Amino acid sequence: MAGTSDLKSIIAVDFGSVNTRAVLIDLVDGVYRLVACTATRTTADDPLRDVAVGLFRALAAMEEQTGRRLLDAQQQLLTPETRDGAGVDALLATASVGQPLRVVVVGLMPDVSVASALHVLAGSYVTVVDTLSLADVRTEEQQINAMLAHKPDLIFIVGGTDAGAEEPILELVRVVRSAVQIAAHRPMVLYAGNRAAQEQVKTLLDGLCTLEIADNVRPTLEEETLGGAQQGLAVLYDRFKMESGGGFDEVSKLSKIGVLPTAQSLTNIVRYLGEVTARDRRNPAQGVLAVDVGSATTTAAASIQRQPYINIRTDIGIGHSAATLLDFTTPGNLRRWLTWDASDSEIISYLHNKALRPATVPQTTRELELEYAATREAIRVVVEQARASWKVGPAMPVLRPIIGGGAVLANTPHPGLAAMLLLDAIQPVGVTELWQDPVGLIPAMGALAYLKPEAVVQMIDEGDLIRLGSVACMEGEVRRIGRGGMRVTIRLADGQVVRRDVAAGTIWTYPLPPGQTAAVDISVTRGLTIAGRGRVRLQMTGGAAGLIFDARGRPLPLPRDAEARAQLYPRWAAGTRGVIQRRADEVDESQVGRGELDSVALQLEAEATAAVPEEEDLLEVSDAPVRPARRRLFGFLRRRSALAVEDALEEEESEGAPVGRATPAGLNGDGQLTPGSPSTKPFIDDEELRTELRGAKGRRQRR
Amino acid sequence: MATYYPDQTTILPMTTIRRERTLPPDVIGEVTVQLDAFVSAVDVVARGMRASRYLVIDLRSALGTSDPAMMAARLHVRAGQVIRKGDVLAGDKKNRRTLLRAPVAGRVHSVVDGRLVLQTGLSEVNVRAGFRGVVTSVRPRGVLLETTGGLVQGVWGNGRNCLGALKMAPRGGLGVLEVEEITPDWRGAIVVSPQPLDRLALAKAEAQALGAVIAPSMPADLRPVALKFKIPIMLTEGFGSEPMNRLAQEVLESYAGMQASLSAHEPNRWSPDRPEVIIPAQADRIPPPPARDEPLRPGAEVRIIRQPYAGMIGRVRSLPRVPQRIENGLRLPVAEVLLPSGRTVTVPLVNLELFGRG
C-alpha cells in the first residue's frame, strides 16, 4: 500500500446494519473530492454472516458505475493505484454493524475515575453491563460471579491518580485476574489507571488475556485525559471486530486503519467543525451538531463551545431498533406527527414490523408518515438526552451547521423534507445551516482525517457534504397560526429583491441554489424573536432546499386534533419544497394559507401584533464561510495519526502517477447525488505531514 | 444496476433441511450420538452441565500457607472432579481438624493463585434433535442433523418449541372456531390459522390446550400476552392484520395431519435461528437444500412484504436499470412484479423476498 503522503485515491467503506456504503475519494484538479459512491446490503446477518462479501459487492458495483478497475483477476482489491488508474491507494473501514462491545467498568471512585471511563466509552458502540468500584458492597466472590455472568468482551480498569497509592487499584486488578482465569471466553482488558501500577498490572494480566495499557484517565483529581484510553479502546474494538468473525478479520487487514467505529468518525468531523465554528467571529454559534439515524443505532455528536459530546444509542433506530424506540417515547408522541388519528396498535405494529424487516422501506404515503414520525422521535430523544450533558444551560444553543446522516434522511422525496425532519426533531434556534450526508461521507472523512486531514478540509470546503440550506428560525410560542410572523426581504446577487410575509406557524423556502448567497433582512412580530432579536440582517447561502424561513415558533405548534394536523402538515411540507417563486412585492396567500389556517384549532391566548422592530434590535449575521488554514484543526488526532501511519512511512514510495483529471460527484435536478468520474490525478507532495509523522514516530521510539 | 440480493424466508414443500444442534457456550458437556445415527425429535444429541455460580475458596488462609508446593501437596481434588457436600478438598489427612471440606456439592473448576474455584448450582442441559433425521456430522460440542420434508419459516415466534400433528383451522381462522368443534384430536396439535389472531383466539388456544398456533399475524399489542403463553406461537407475516401468504398456506395444508416440529424462535439479530416449522417427509429423490444468497433476476417468484401489496406473491417481470419514483415520492431501485391477477406493480427491491427456490 502507498505511504500516507502518496495517498491520492481512497475507498472508504462503512458497514452499517443494513447498508454497506463505499465512497471513492480522488484528486480532482489537485483537490480531494468525492467521486463516486455505492451502497449494497450488509452481509453481516444470515445467510452469509460475512461482511467482506458485501464489501466486494460494493466494490464491484463501483467498478460498474465508474468503469474503473478496482479488483484484480482473483477479485482482490488492487492497491496501490496503478499507472493506468486502476485500483486505489488505500481502503479505510468504519463500522456500526455488529454486537456492541459488552464492557464491565472497574474503578475506584464512581464520580471520578469511573465517570471518566464512561466518558471514554461514550464514543463507541458499547454496552456497560456492570460497574465495580470501591462503593460496591458485593463480596469479592460476588463480584467475580457477576463478571462471569455478564460474559463481558472487555474489562475496563481505571482508578488512582498518578501520584496516589497503588494498592487499592491492584486489589481490583487481582479480582479481575481471578474472573479472567475462570472465564470460558476470556475478556480483553484495558487499563487506564494509576500509571505507577502499570508494570504490576502487566505482571498480573499479561499472557492471561489481551491487555492494552493506556495513559491514566485521571492523572490528577482535577485533570481528565481521555485520548490515550480512547486510542486503546479503538485498538481493542478493532481486535474485537476481527475476533468476532463475520468477515471483519479480512476487512481489518485490508483497511489502513483497521476497523474504526463509525461514531468515532462522526466525532472527529464534528470536533473539526466545532473548531472552525469557534474561530468564526462573524457568525456567533455555540456549537455544531451531527445526527446519524441508523437502523440499529442513532448517534448525536456535538461540539459545544469546542467541547466534544457524543451520545450513542444502540437501542434507538428506525430498523432493527424501531421496536425498542418505544422504550423511550410513546405511540402518542409519534401520533402527533401524523395526519390521521392512528391507533396505538397501528403505530406499535408498524415499529415491530420494521424491526422484523429492517431493510424495507415505506411504499405508501401513510407508511412514509409513520416512518418519518419514528425518525423525528428517534432524533428528538437522542438529542434531548445528549443536551442534558451539554454545559450550556437548559436553553437550546445556536448550532451551525446541523448535519443529518442515515439512509432515511438521505432519501427523502425532496431535500426540503429532509430539512424539515431535522427542524421538527431538533427545533433549532437562531440562524443555522442544515447539511446532509446522503452517501455516508462523514464516516469516510472521519477515518481519512487520521491519514490525510487536508483531504477532509478540502472535501468539506468544496461542499461534498450537501448543503440543504440556511435556516432562520423564529423563536417564541405561536399561539395562533397565521397571526404575525416573519417579514422577509431577500436581495439577490443580481439585484432582484424578493419580499415575503411568512405567517406565524408556517414555513417558507426560497429556492436559492447551492453556492449562491443573498442578503436577507428579517423582522418578526412583537413577542417573537429571531436569534434573540426583533430584526436581523443576514448573508444566507442557498442549498439543495434553499433559504428556509421557519416561522413556526418554538416549541412547534403541533395540533392535538388529527383534522388540524391533516390541514397543517401538508402545508409545512409544501413550504419546504421551495418551488413557488413570486414577484418581489407579492405575498403568497395560497402558500401560507393564512385564511384557511385560521381554522386550525390551537390555543388562542396571546395577542400578536405586527411591529417594526427597534433599530437597536438589529443583529447582523453572516453565514459566509471562513477559510483559515484548517488542517491544523485536526490536531486532536495527531497522535493516533502518527501511530496509524508509521508503518506506512516505512514502505517504499510508489512511483509517481501520471497526471489526469477526474470529476466530482454532484447533485442532479432532484437533489439526488450523481457520481463523478475518477481518473488518475496529479501527485501531491505532503512533505510537511510526513515530517510531522516522522517526528511523532521518533518521539514514540524514544519513549 | 448492480446485482441485488434480496432477503429470504424459506417456504418450500420439499427440501433438504440441515440444522446444527450445539451445546450453549457456558455448558460443559459432550455429544451423545454417533455419525449416521437416526434420531427422533426428542432424542438427546448432546448433554452437559451448567453452573449457576462459582465459589472461590482462599486456600492460603484455609491451609495457613502461601507456598504453592505446600498447597499442591495438601490438595485432594483435581480440576473437573465432581464433589459432594462435605468431601475433603484440602488439608492434612492426619490432622482432621485442618481438613477443608466442600461447603456445597459441585465441580472443581480450577486452582489458581491459591484460590480453589468450585462450580456450584449445577444443572443438566440436554440438547435434543428437534426433528426426525440423521446425524451427518459430529463436532466437539454438537452435531449436524439432516432430513427431508417441508419447511415454512415465519417472521416472529414467542420462544417456545413443540412437536405435534399439523391441523388446519377453518378458513375464517381460529377465532371463528366454536368450542364444541374442538374435539380431543385438536389437543396437542399444531393448529394453522389462515387468519390473524386476536385476543379471543389466543385465549381459546390456551384454554383448549392446543399444542401450538401458526398464524399470519396479530396486533402488536398482543405480543406481551403471546410471550407469556406456554404454547408456541409463530407468525408468518408479522404484526397487524395480514392474512397468510398463499404459498405458506398451501405447504402447510399439504401436510395436514402429519407430525411437525415447530421452533417458534423469538427473533434475535445476533442469532441465526429463525422461527420455523419442519415437517419431515420421505422424498422420492433427495431434494436440493434451500438456495441461499440468490440474486434477484427477472422471472424469480417473489413475495412482497410491505404495503400496499404485503403478502402477495408474484413474479419479477423486469428490473429497471435506474431508480424510479414510487407513489409516496421516494426514488428507489425497483422491480416490476407481475401479480397472479395479471396486474403489474412497481415495488422497491428491498420490499421483496425470495422463498429459497434455486
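## Where the chains meet

Two residues are in contact if their C-beta atoms, placed from the backbone, lie within 7 Å. In this predicted model, the contact between the chains takes 41 residues from chain A and 44 residues from chain B.

Several strands build the chain B side. S5 (44-58), S9 (106-112), S10 (115-128), S17 (233-239) and S23 (331-332) of chain B each supply at least two residues that touch chain A. S5(B) gives the most, with four residues. By type, the chain B side divides into 23 nonpolar, 13 charged and eight polar residues.

## The nonpolar core

In soluble globular proteins, nonpolar side chains tend to be buried together. Here the largest nonpolar core has 298 residues. A:Ile25, A:Phe156, A:Leu190, A:Leu448 and B:Val213 have the most contacts inside this core.

Take A:Ile25. Leaving aside neighbours within four places in sequence, its contacts include A:Ile10, A:Ala12, A:Leu34 and A:Val35. A:Ala444, A:Leu448 and A:Ala455 are also among them.

## Helix H11 of chain A

Of its 23 residues, 18 are buried, so the helix is largely enclosed by the rest of the structure.

H11(A) covers residues 365-387. At 1.5 Å a residue, this helix should span 33 Å. Its end C-alpha atoms are 32 Å apart, which agrees.

Terms used
Residues are numbered from 1 along each chain as its sequence is written. Chains are lettered from A and ligands numbered from 1 in the order in which they are written. This is a predicted model: local features need pLDDT of at least 70, side-chain atom pairs count only at pLDDT 80 or more; totals for chains, interfaces and linings use all residues. The expected span of a helix is 1.5 Å times one less than its number of residues. A residue is buried if 20 or more other C-beta atoms lie within 10 Å of its own, exposed if 12 or fewer, and partly exposed in between; C-beta atoms are placed from the backbone. Ala, Val, Leu, Ile, Met, Phe, Trp, Tyr, Cys and Pro count as nonpolar, Asp, Glu, Lys and Arg as charged, and the others, Gly among them, as polar. A nonpolar core is a set of buried Ala, Val, Leu, Ile, Met, Phe, Trp, Tyr and Cys residues joined through C-beta atoms within 7 Å.
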